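Student: I have a new structure open and would like to learn how to read it. Could you walk me through it step by step?

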Amino acid sequence: MPEQALKAVERIEQDLMKMGHLAEEITRKAIQSLRDQDLELARSVIQQDDLIDNLQLVVEEELEQAIAQLTSAGFEMRRHLATLKIASDLERIADYATCI
C-alpha cells in the first residue's frame, strides 16, 4: 500500500478510536445524569453527541477519499467498509446515550 494511503488509514483509525472513547464517555455520563438527575450533565451529553456526529462525517469523507485512491480491492476495501460500519455504530451509540 502506498505511503499516502497508509497515513490516511492511520488518520481514519485515530478518528475511529476518538469516536469510540467519546461514545463510551457520553454513555457513562448519560447514565450518571439519569442516576443523579443532573440536567447540566445531560445537556453536555447532547453536545458531545454532536461531536461524534461530526467525527462520523469526517471518517466517511476520509474513507471515500482513501477508497478512491486505492487501486487494489480485496482486503483493503473490506477493511475500509468495516471501518465505515464501526463509525456508524459508534455514532448510533452516542445517539442512544442522549435518550437515557
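Tutor: Gladly! Let's begin with what counts as a helix: a DSSP run of H or I with at least four residues, numbered from the N terminus. Glu91, a residue we will come back to, has its place in helix H3. Please keep in mind that this is a predicted model.

Student: How many helices and strands are there in the chain?

Tutor: The chain has 3 helices and 0 strands. Read along the sequence, the pattern is α-α-α.

Student: What does the chain span along its principal axes?

Tutor: The C-alpha trace spans about 55 × 20 × 15 Å. Another way to look at this is the radius of gyration: the chain has 16 Å, while a compact globule of 100 residues would have a value near 13 Å.

Student: And how do I read the contacts in the chain?

Tutor: Look at how far apart in sequence the partners are. Of the contacts with a separation of 6 or more, 74% are between residues 24 or more positions apart.

Student: Which part of the 100 residues is buried?

Tutor: A residue counts as buried when its relative accessible area is under 20%. Buried residues make up 33% of the 100 residues here. As for the surface, the chain exposes about 6400 Å², and carbon and sulfur atoms supply 56% of that area.

Student: Which residues of H1 are buried, and what covers them?

Tutor: Among the buried residues of H1 are Ala5, Ala8, Val9, Ile12, Leu16, Met19, Leu22 and Ile26. Asp15 and Ser33 are buried as well. The cover includes helix H2 (39–69) and helix H3 (75–98).

Student: What follows H1?

Tutor: Gln37 does, with a positive phi near 55°. Gln37 sits in the loop between H1 and H2, and the positive phi is in a residue other than glycine.

Student: Is Gln37 buried or exposed?

Tutor: Exposed: Gln37 has a relative accessible area of 62%, and the cut-off for that word is over 50%. You can read Gln47 in helix H2 the same way. Gln47 counts as exposed because its relative accessible area is 57%.

Student: Now for charges. How do I spot a salt bridge, and what does the count come to?

Tutor: Look for a side-chain nitrogen of Lys or Arg within 4 Å of a carboxyl oxygen of Asp or Glu. By this rule the count is 8 salt bridges. One of them joins Glu24 and Arg28, with the closest N and O atoms 3.6 Å apart. These two are 4 residues apart in helix H1, so about one helical turn separates them. Glu24 is partly exposed, at 46% relative accessible area.

Student: Which residue forms a salt bridge with Asp36?

Tutor: Asp36 pairs with Arg35, the closest N and O atoms being 3.4 Å apart. Asp36 is partly exposed, with a relative accessible area of 43%, whereas Arg35 counts as exposed at 60%.

Student: Which residues are linked with Asp89 in a network of salt bridges?

Tutor: Lys85 and Arg92 are linked with Asp89 in such a network. Between Arg92 and Asp89, the N to O distance is 3.3 Å. Arg92 and Asp89 are 3 residues apart in helix H3, so they are separated by about one helical turn. Arg92 is partly exposed at 35% relative accessible area, and Asp89 is partly exposed at 27%.

Student: You promised to return to Glu91. Where is the nearest side chain of opposite charge?

Tutor: That side chain belongs to Arg92, 6.2 Å away. Glu91 is buried yet has no salt bridge.

Student: What is Glu91 in contact with, leaving aside its neighbours within four places in sequence?

Tutor: With those neighbours set aside, Glu91 is in contact with Met19, Asp49, Ile52, Asp53 and Gln56. You have already come across Met19, as one of the buried residues of H1.

Definitions and conventions: Residues are numbered from 1 along each chain as its sequence is written. This is a predicted model: local features need pLDDT of at least 70, side-chain atom pairs count only at pLDDT 80 or more; totals for chains, interfaces and linings use all residues. Side-chain values use heavy atoms; hydrogens and water are left out. Buried means under 20% relative accessible area, exposed over 50%, partly exposed in between (1.4 Å probe, protein chains only). Contact means heavy atoms within 4.5 Å. Lys and Arg count as positive and Asp and Glu as negative; His and the chain ends are not counted. The radius of gyration is taken over C-alpha atoms; the globule rule is 2.2 Å times the number of residues to the power 0.38. Accessible areas come from the Shrake-Rupley method with a 1.4 Å probe; for residues, only the protein chains shown count as cover.
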